[in-house]
Amino acid sequence: MTDTATTREKLPAAEADALRKMLRDMVLIRRFEEKAAEAYAHGKIGGFCHLYIGQEAVAVGTMAALRPDDTIMTSYREHGQALARGVSARAVMAELFGKATGSSGGKGGSMHIFDAATNFLGGHAIVGGHIPLVTGVAFAIKYREGDQVSVGFFGEAAVNNGAFHEALNMAAVWRLPAIYICENNRYGMGTALERASAIYDVAQRACSYDMPAEVVDGMDVLKVRDAVARAAQRARDRYMPTLLEIRTYRFMGHSMSDPIHGHYRTKDEVEEAKAKDPIHTFAERLRADGLLDDERWQTMEAEVADEVEDAIRFADESPDPAPEALYADVYREGSS
Amino acid sequence: MPVLTYRDALNQALREEMARDPSVFLMGEEVGVYQGAYKVSRGLLEEFGPMRVVDTPITELGFAGVGVGAAMAGLRPVIEFMTWNFALLAIDQIVNSAAKMLYMSGGQVPIPIVFRGPGGAALMLAAQHSQSFEAWYAHVPGLKVVTPATPADAKGLLKSAIRDNNPVVFIEGEMMYNQKGEVPEGEHVVPLGVAEVKREGKDVTIVAHAKMVAVALKAAEELAKDGIGAEVVDPRTLRPLDLPTIVASVRKTNRCVIVEEGWPFAGIGAEVVDGIQREAFDDLDAPVLRVTGADVPMPYNRQLEKLAKPDAAKVVAAARKVLYQG
Amino acid sequence: MATKIVMEALSPTMEEGRLVAWKKRGGEAVKNGETLAEVETDKAVMELVAREDGVLRKVVLPEGSTVPVGGLVAIVGSKDEDISRLVGVPASAAPPPQGVGGRVSGVATPAATATPKVAATAVPAPQAALLHATPGSSRVRSSPLARRLAAERGLDLALLTGTGPAGRVVRRDVEAAGAMAAGTAAQGHGGAGLAAAALPARAPAAPVPQLPAGFQDVPLSTMRKTIARRLSESLGPVPHFFLTTEIEMERAWEARQHLAGLGDATKVSFNDLIVKAVALALRQHPAVNAWFLDDRIRYHGDVHVGMAVAVEDGLITPVIRHADRKGLREIAAETKALAERARARRLTPEDYTGATFSVSNLGMLDIDEFTAVINPPEAGILAVGRIAQRAVVADGAVVVRRTMRVTMSCDHRVVDGATGAKFLQTVKLMLENPLAMLL
């Protein structure tokens with residue numbers, strides 16, 4: 001037993017199902033992404049494919065702290081958030097394969113997953129471009145005097161972007177219920193944060209807007225959950241936005257076209273990060289607190305494997321969109 | 001029929017639409033306390049309150065994005081740019097977010113938003129404050145582009161734009177705000193995508209939009225002195241373009257001059273010419289000519305600026321050319 | 001860029017032209033609008049005008065030679081450029097204008113000699129390969145609209161004179177050519193009004209019909225169509241019928257003597273009186289002041305009287321425009337001038353086109369009476385015989401009076417017997433009571 005194990009609190013048994021679901025969700029994301037990588041390598045997925053492997057705790061921890069009527073937006077590295085939010089593996093895989101049964105009917109692709117039913121509003125590919133949209137949804141919530149929260153994910157490289165600055169400033173000056181989650185995986189594509197930012201700590205930027213901020217350990221799903229829960233409460237109670245810098249690490253390259261290591265980070269660094277794999281550490285913790293045994297674990301893994309296999313098969317067998325779909329949904333008919 | 005300024009016609013439209021639908025709100029720089037940089041939103045803050053008439057920091061990209069986000073959440077924002085020159089900062093939100101969202105989401109997320117403000121040149125405002133970008137926006141599928149030329153059209157088209165379920169780029173004109181005209185009372189809604197023949201004639205068609213409609217009408221009066229009947233067609237909406245009305249006119253007159261304020265290369269007129277030559281080839285007695293702004297950044301000097309802008313004399317000269325009269 | 005100067009269709013019916021005299025020599029500079037040469041057409045001597053600046057590089061057609069319309073006449077270009085490729089091309093023998101029906105000048109008698117081509121009032125045979133240039137000639141420049149209109153009317157673009165830039169054939173050029181084609185005038189876009197208004201003062205030598213300004217088209221009713229068809233079948237393209245009357249000319253004679261006695265300036269001929277009387281009668285009987293145009297009748301608002309003039313080897317009919325509005329003096333002067341020009345073969349198309357009714361007078365040649373053939377698309381013509389002292393019956397006694405016999409030929413598709421007769425009655429009334437013309 002490590003020091004951490006004896007000094008930290010025991011996980012409540014009452015939450016066992018919820019906690020196990022979080023683990024399962026992380027495993028689902030991991031397997032899904034591994035299979036997606038395989039599918040990409042086989043040419044079934046085209047264009048760009050940005051994998052979430054290593055960052056699972058951030059998505060899963062966040063969704064565990066939110067309500068179904070909250071709104072989520074994210075960047076192009078979004079499979080994890082989509083799955084964690086409850087978009088089916090089938091819908092996501094079919095979208096990656098560009099099929100008519102995909103979440104956007106095959107017209108969005110890996111970078112543009114949308115699911116209105118779960119308030120998952122994309123899937124945006126201009127770095128920082130969606131952050132003002134997050135503020136906009138928060139504006140609408142306040143406009144309607146609701147208590148929902150508008151949540152947006154983005155990478156640390158986006159915080160140097162003008163859109164980030166404008167969006168957070170307005171959320172602060174207008175007091176809007178938003179949570180800005182910066183997934184700091186230390187690299188903006190091939191550029192380390194130290195090279196691109198005058199200030200290393202992203203959370204420090206919040207003081208420009210007099211906005212509450214926290215630095216969170218993104219490899220610990222429960223720490224993520226708790227931080228997001230705090231921010232959500234702040235938003236619901238007081239219409240106050242929060243900036244969360246969640247430090248995480250991606251085990252793969254920026255995208256499928258990017259090598260795991262070599263150009264801009266060393267093999268040792270990657271291996272060191274893998275030692276803190278969020279899935280393993282959380283599984284270990286559940287085990288230690290008697291909430292997970294081998295049998296449950298194996299069943300969980302087998303079910304997830306089946307779910308992902310099913311998603312692949314579904315995507316394979318689904319049809320391409322009809323040619324008429326080319327011109328569909330450019331405009332929405334009717335008026336108010 | 002009441003006579004209103006273009007500005008007041010817009011004000012009326014905003015007021016009526018905001019009263020009609022609580023999800024409509026106005027956002028932009030100086031729209032509230034200042035009563036509007038060009039007074040288009042005069043009195044609206046007092047009537048509807050600060051949640052519905054929102055003053056923003058000088059952050060075009062930011063508040064354009066806020067508007068799109070609000071539209072994603074089901075509101076109907078009207079985002080004002082002080083001028084369309086500044087909207088270049090926001091063009092990522094207009095094109096990459098607003099125009100594309102419905103398509104990228106497979107039809108799930110419509111964006112019922114209006115981006116409005118004055119475009120084109122005023123007087124001696126120089127290169128960065130005098131630009132006409134309607135061609136840029138008209139190029140993008142997913143957007144609609146509207147350019148009202150009269151107070152009646154301003155009111156009717158703004159109402160339609162706000163009710164439309166798609167992102168609408170609504171381009172007004174500083175020089176038109178004081179212009180007066182008859183505006184029908186009651187529910188005056190002008191549909192998008194429908195052109196209007198502003199003056200009938202049988203000898204030559206002049207296609208013009210926005211400020212150039214007045215220029216075209218002036219040219220028509222000049223031509224009338226020589227017994228030449230010019231027909232002035234105002235598209236009113238540039239995208240979607242009412243090509244059939246333009247073509248019907250050219251079929252009648254056999255010749256066409258297009259006048260636009262913007263730069264010549266790949267301008268709106270180029271698209272109209274393509275439509276005419278495709279649909280009315282056998283009815284053309286002369287090539288279609290365009291009168292455009294000069295292919296230069298707008299100069300400050302008064303005389304140079306005049307040279308850079310289209311005027312009635314240039315339109316008359318072009319009309320005579322297509323009539324083989326000079 | 002050197003261009004070929006070809007024999008242009010300087011009159012609507014011209015098929016070939018004779019180069020009478022060169023006004024410029026080889027090597028001389030020419031400017032847009034300057035006269036290159038004088039050309040004799042079937043109607044008059046016309047000017048061949050340069051359409052651009054340059055140097056007369058080569059005179060191809062010598063003086064006195066004749067070449068069909070479209071044939072090569074000269075080359076104009078810049079001083080030093082190589083023109084060999086243009087000269088190497090043989091003079092194109094453009095086919096004669098089949099589709100361009102011409103006006104028939106009033107023929108003196110049905111069996112007249114030197115009969116000009118009868119205008120085809122039926123639809124002419126359309127040109128084969130209309131839009132392809134004739135072999136050896138360069139491509140015809142034309143607007144898409146002009147091509148379409150020419151095709152619709154069966155006109156050969158290559159034979160039309162283009163007044164657009166670089167000789168482009170445009171709508172007004174097709175309409176100018178087609179307007180004279182009786183029965184082929186398809187409804188042009190914009191109407192004749194624009195064609196007239198659009199003509200620049202500078203357009204040289206294009207045959208321009210002076211169409212009367214106001215008119216109203218009335219489509220044929222079923223009855224009229226039937227009458228037209230059946231009569232044409234029995235009588236030929238224009239179904240003529242003839243009305244004759246004898247007019248007492250004593251008062252007219254006195255009036256003319258009286259005017260002559262007032263001085264040279266007031267000398268008028270009987271023909272002038274007749275023209276005036278006819279013009280006024282046309283005003284009162286608009287049904288006669290009309291054209292037959294295949295599918296409709298054009299009732300003219302203006303009155304233009306054509307007056308047949310015998311010239312050396314034929315006949316031509318110059319027009320007195322708005323004859324109803326002109327005084328006798330003006331008519332006299334105009335008639336004189338036109339007749340002179342006609343004999344000198346110096347009439348322009350403006351002079352001899354656009355009549356709404358014609359008069360033909362053979363009285364000076366001692367003819368008592370005769371029947372004239374109508375000039376299509378007009379609906380009637382008045383043939384006038386000599387004024388002679390004849391024995392007539394008045395109040396039961398035989399007396400001697402100066403009388404004149406006139407015969408009106410009517411197009412039965414437009415004018416019925418009663419209509420024509422009433423018109424003739426008015427003419428008779430005017431001439432028998434000249435003062436009535438002042439009313």
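How many residues does the contact take from chain B and from chain C? The contact takes 17 residues from chain B and 17 residues from chain C, where contact means heavy atoms within 4.5 Å. The model is predicted, so that local features need pLDDT of at least 70 and side-chain atom pairs count only at pLDDT 80 or more, while totals for chains, interfaces and linings use all residues. Residues are numbered from 1 along each chain as its sequence is written, chains are lettered from A and ligands numbered from 1 in the order in which they are written, and side-chain values use heavy atoms, with hydrogens and water left out.

Between them, chain B and chain C bury about 1300 Å², 50% of it on carbon and sulfur atoms. Buried area is the accessible area (1.4 Å probe) that two parts lose on being put together, summed over both. On the side of chain B, the residues that lose the most area to chain C are Asp282(B), Asp285(B) and Tyr324(B), which together give 40% of what that side buries.

The count of salt bridges between chain B and chain C is one; a salt bridge is a side-chain nitrogen of Lys or Arg within 4 Å of a carboxyl oxygen of Asp or Glu. Arg148(C) forms a salt bridge with Asp283(B), and their closest N and O atoms are 2.5 Å apart. Eight residue pairs, both at pLDDT 80 or more, are in polar contact across this interface of chain B and chain C. A polar contact is a pair of N or O atoms within 3.5 Å; within protein, one must be able to donate a hydrogen and the other to accept it, and residues adjacent in sequence count only if both atoms are side-chain atoms.

The next interface joins chain A and chain B. Here the contact takes 39 residues from chain A and 52 residues from chain B. The area buried between chain A and chain B is about 3600 Å², and carbon and sulfur atoms give 64% of it. In chain A, Tyr143(A), Tyr331(A) and Arg332(A) lose the most area to chain B, together 21% of what that side buries. Across the interface of chain A and chain B there are zero salt bridges, but 22 residue pairs (both at pLDDT 80 or more) are in polar contact. Helices α6 (131-143) and α7 (162-174) of chain A each supply at least two residues of the side that touches chain B. The largest share of that side, nine residues, comes from α6(A). Helices (H or I, at least four residues) and strands (E, at least two) are DSSP runs, numbered from the N terminus.

Within chain B, seven strands form an open sheet in the order β3-β2-β4-β5-β7-β6-β12, with mixed pairing. Two strands pair if DSSP finds at least two bridges between them. Because β3 (53-55) and β12 (237-239) of chain B stand at the edges, each with a single partner strand, one side of each is left without a neighbour in the sheet. Strands β5 (residues 114-118) and β7 (residues 168-172) of chain B pair in the parallel sense over five bridges, and Pro118(B) stands opposite Glu172(B) in β7(B).

Strand β10 (residues 240-248) of chain C is joined to strand β19 (residues 397-411) of chain C by nine bridges, and the two run antiparallel. Leu243(C) stands opposite Met408(C) in β19(C). Strand β18 (residues 380-394) of chain C also runs antiparallel to β19(C), joined by 13 bridges. The bridge partner of Val384(C) in β19(C) is Val406(C). β18(C) and β19(C) form a hairpin with two residues between them, and Asp395(C) in the turn has a positive phi of about 55°.
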